[in-house]
There are 2 protein chains.
Amino acid sequence: MEILTSAAGLQAYTENIRCNGQRLGLVPTMGALHEGHLQLVRAARESCDTVVATIFVNPTQFNNADDFRLYPRLPEADAGLLAAAGCTALFLPAVEEIYPQPTVLKFDFGALEQVMEGAHRPGHFNGVATVVSKLFHLSRPHRAYFGQKDWQQVAIVRQLVADLSFDLEIVAYPTIREADGLAMSSRNRRLTPEERAIAPQLYQVLQAAARRIRQGMLPAQVEAQALAELQQQPLFNTEYFAVADAHTLQPLAGYTPGRAVVLCLATHLGAVRLIDNVVVEL
Amino acid sequence: MEILTSAAGLQAYTENIRCNGQRLGLVPTMGALHEGHLQLVRAARESCDTVVATIFVNPTQFNNADDFRLYPRLPEADAGLLAAAGCTALFLPAVEEIYPQPTVLKFDFGALEQVMEGAHRPGHFNGVATVVSKLFHLSRPHRAYFGQKDWQQVAIVRQLVADLSFDLEIVAYPTIREADGLAMSSRNRRLTPEERAIAPQLYQVLQAAARRIRQGMLPAQVEAQALAELQQQPLFNTEYFAVADAHTLQPLAGYTPGRAVVLCLATHLGAVRLIDNVVVEL
């Protein structure tokens with residue numbers, strides 16, 4: 001597996017790949033890789049000739065300095081995992097390589113970012129859209145792979161690609177979970193053993209809420225009940241629990257048959273902020 | 001000269017060009033071509049193997065429905081001029097080809113768009129940045145050529161390219177003028193003979209103001225004097241006359257030696273809105 005650290009090096013590498021008629025898959029990550037990331041690499045490997053993974057803890061998408069500082073960084077271990085999963089090249093740039101000067105332009109995705117993560121993490125999706133645009137321009141993949149644990153991020157990136165006519169396809173894969181149901185996340189490494197033991201309750205609350213949605217309970221009631229359940233565990237400090245249209249991400253008053261519903265939550269568990277979601281097809 | 005009308009056709013054409021190792025120049029226009037556009041095509045021809053011109057009257061950058069409706073459209077004549085100037089391919093898409101669905105995301109360029117055209121044409125630069133991004137993604141040029149008559153547009157496009165790491169170079173060429181000094185513009189076709197006769201006064205006012213700037217008169221005074229001169233001609237209905245830093249576009253209180261100053265104006269002349277500018281190196 002080739003390791004590239006310069007933007008120009010990545011551009012030259014991927015231009016050569018494309019001009020050799022090969023299909024190029026991109027897996028953008030922030031590192032501290034887990035099975036969710038590796039699933040994306042293996043999926044890319046199946047449908048593309050070349051797979052470029054990127055590891056870049058993007059400062060502009062963090063609205064919390066501690067979260068950025070404490071985000072796990074394990075590049076050597078990550079490189080081993082990527083090579084074993086069939087990754088062809090790893091792009092591992094320094095911050096100055098991606099942001100040689102401060103960024104002026106800001107993206108606004110309207111209603112799509114005025115809920116959930118967008119509402120609770122000011123500037124987050126502007127940082128995401130900026131770095132994703134840059135990585136797309138530097139690597140110009142045929143396909144780019146994202147995990148559905150960041151459901152709203154996938155929606156934002158799809159909108160970005162459609163609105164600016166990026167010449168690539170977004171592929172999203174379902175969340176990978178630990179045996180006890182906890183959604184895999186790089187931030188899980190920062191949980192204490194006690195916190196790790198109760199973290200799977202988040203998925204249990206989501207599953208119970210999904211059952212109530214399927215049974216026809218109104219979204220507002222489902223949300224209230226889920227929030228009450230989360231409050232019973234004093235270590236959870238919950239930011240939101242939302243029942244939304246899976247595509248528009250807007251709150252649901254009632255249901256449209258045939259439209260998917262997404263249930264999303266964000267909660268602080270000790271010093272770590274966790275998110276998770278489940279999708280219900282009605 | 002090849003004529004392409006579909007986005008997919010343009011992508012395939014330009015991908016092939018790049019993979020043949022050729023340098024690709026892009027000249028985005030709204031058509032009704034004049035010598036200013038043709039200068040860009042010839043410049044592109046000199047430094048690139050293939051020159052793609054685009055003609056697309058972009059609805060999202062018009063804040064005035066009449067201006068969009070009445071914008072001159074002369075595709076056959078334009079195609080002849082482009083072929084004669086050495087253009088290799090012309091992209092002439094329908095609106096639905098560029099905007100298959102409504103655009104959600106909005107760009108905000110901060111201070112750069114809060115002055116001059118950005119201040120007077122709400123949404124204009126969002127439309128410009130959107131269509132330019134799309135055209136860059138569809139054609140992926142090595143170089144893209146713009147005219148300095150739209151000074152602020154060039155600044156916005158440069159910021160877009162830098163902030164999103166587009167893999168291309170922006171090249172800007174000076175305004176081409178008629179013998180009597182009027183800046184060439186597709187909109188000049190819409191002037192009545194009487195309006196056309198007085199239109200060159202705009203450049204005269206700009207030149208006089210530039211002289212005063214060089215002589216050390218303060219920007220506020222230069223602006224006031226230029227506005228007074230414009231008011232003497234009752235057919236001019238002036239929107240702004242601005243003395244600004246040529247790079248940041250921000251109003252100038254005083255001068256920094258070595259920095260360039262741009263003098264910009266926008267005025268309505270009958271039913272037509274005209275802009276012009278001159279640059280002064282101090």
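# Report on a predicted two-chain model

Leaving aside neighbours within four places in sequence, A:H37 is in contact with A:V27, A:T29, A:G31, A:A32 and A:S186. The model is a predicted one. UniProt, in an unreviewed entry, places the feature "active site" at A:H37. This annotation may be inferred rather than shown by experiment. Within chain A, A:H37 lies in helix α2, which covers residues 35-47. The relative accessibility of A:H37 is 13%, and because buried means under 20%, A:H37 counts as buried.

## Relation of the two chains

Chain B is superposed on chain A by a rotation of 180 degrees with 0.0 Å of shift along the axis, and the RMSD is 0.0 Å. This is the relation of a two-fold axis. Of the interface residues of chain B, 100% are also interface residues in chain A, so the copies meet through the same surface.

## Helices α1 and α7 of chain A

In chain A, helix α1 spans residues 7-19 and helix α7 spans residues 124-139. Their axes come within 7 Å and cross at roughly 50 degrees. The two helices, α1(A) and α7(A), are therefore oblique to each other. On the α1(A) side the contact is made by A:A7, A:L10, A:Q11 and A:T14, and on the α7(A) side by A:H137, A:L138 and A:S139. By class, this contact of α1(A) with α7(A) has three nonpolar residues, four polar residues and no charged residues.

## Two residues with positive phi

A:S165 is not a glycine, yet it has a positive phi of about 55 degrees. A:S165 sits in the loop of chain A between α8 (151-163) and β7 (169-173). With 17% relative accessibility, A:S165 counts as buried.

B:M116, also not a glycine, has a positive phi of about 45 degrees. B:M116 belongs to helix α6 of chain B, residues 116-120. At 6% relative accessibility, B:M116 counts as buried.

## Two buried residues of chain B

B:N188 is located in the chain B loop between β7 (169-173) and α9 (193-198). B:N188 has a relative accessible area of 12% and is buried. Not counting residues up to four places away in sequence, B:N188 touches B:L182, B:A183 and B:L274.

B:V280 is placed in strand β10 of chain B, which runs over residues 272-281. The relative accessible area of B:V280 is 1%, and B:V280 is buried. With residues up to four places away in sequence not counted, B:V280 touches B:A210, B:I213, B:R214, B:A260, B:V261 and B:L263. B:R196 is 84 residues from B:V280 in sequence, and the two are 26 Å apart in space, C-alpha to C-alpha.

## Accessibility in one table

The table collects the residues described above.

| Residue | Relative accessibility | Class |
|---|---|---|
| A:H37 | 13% | buried |
| A:S165 | 17% | buried |
| B:M116 | 6% | buried |
| B:N188 | 12% | buried |
| B:V280 | 1% | buried |

Technical notes
Residues are numbered from 1 along each chain as its sequence is written. Chains are lettered from A and ligands numbered from 1 in the order in which they are written. This is a predicted model: local features need pLDDT of at least 70, side-chain atom pairs count only at pLDDT 80 or more; totals for chains, interfaces and linings use all residues. Side-chain values use heavy atoms; hydrogens and water are left out. Helices (H or I, at least four residues) and strands (E, at least two) are DSSP runs, numbered from the N terminus. Buried means under 20% relative accessible area, exposed over 50%, partly exposed in between (1.4 Å probe, protein chains only). Contact means heavy atoms within 4.5 Å. Copies are superposed by least squares on the C-alpha atoms of residues with pLDDT of at least 70 in both. Axes are lines fitted to C-alpha atoms, for helices over the stretch in contact, and angles run from 0 to 180 degrees between N-to-C directions. Angles under 35 degrees count as roughly parallel, over 145 as roughly antiparallel, 65 to 115 as roughly perpendicular and the rest as oblique. Ala, Val, Leu, Ile, Met, Phe, Trp, Tyr, Cys and Pro count as nonpolar, Asp, Glu, Lys and Arg as charged, and the others, Gly among them, as polar.
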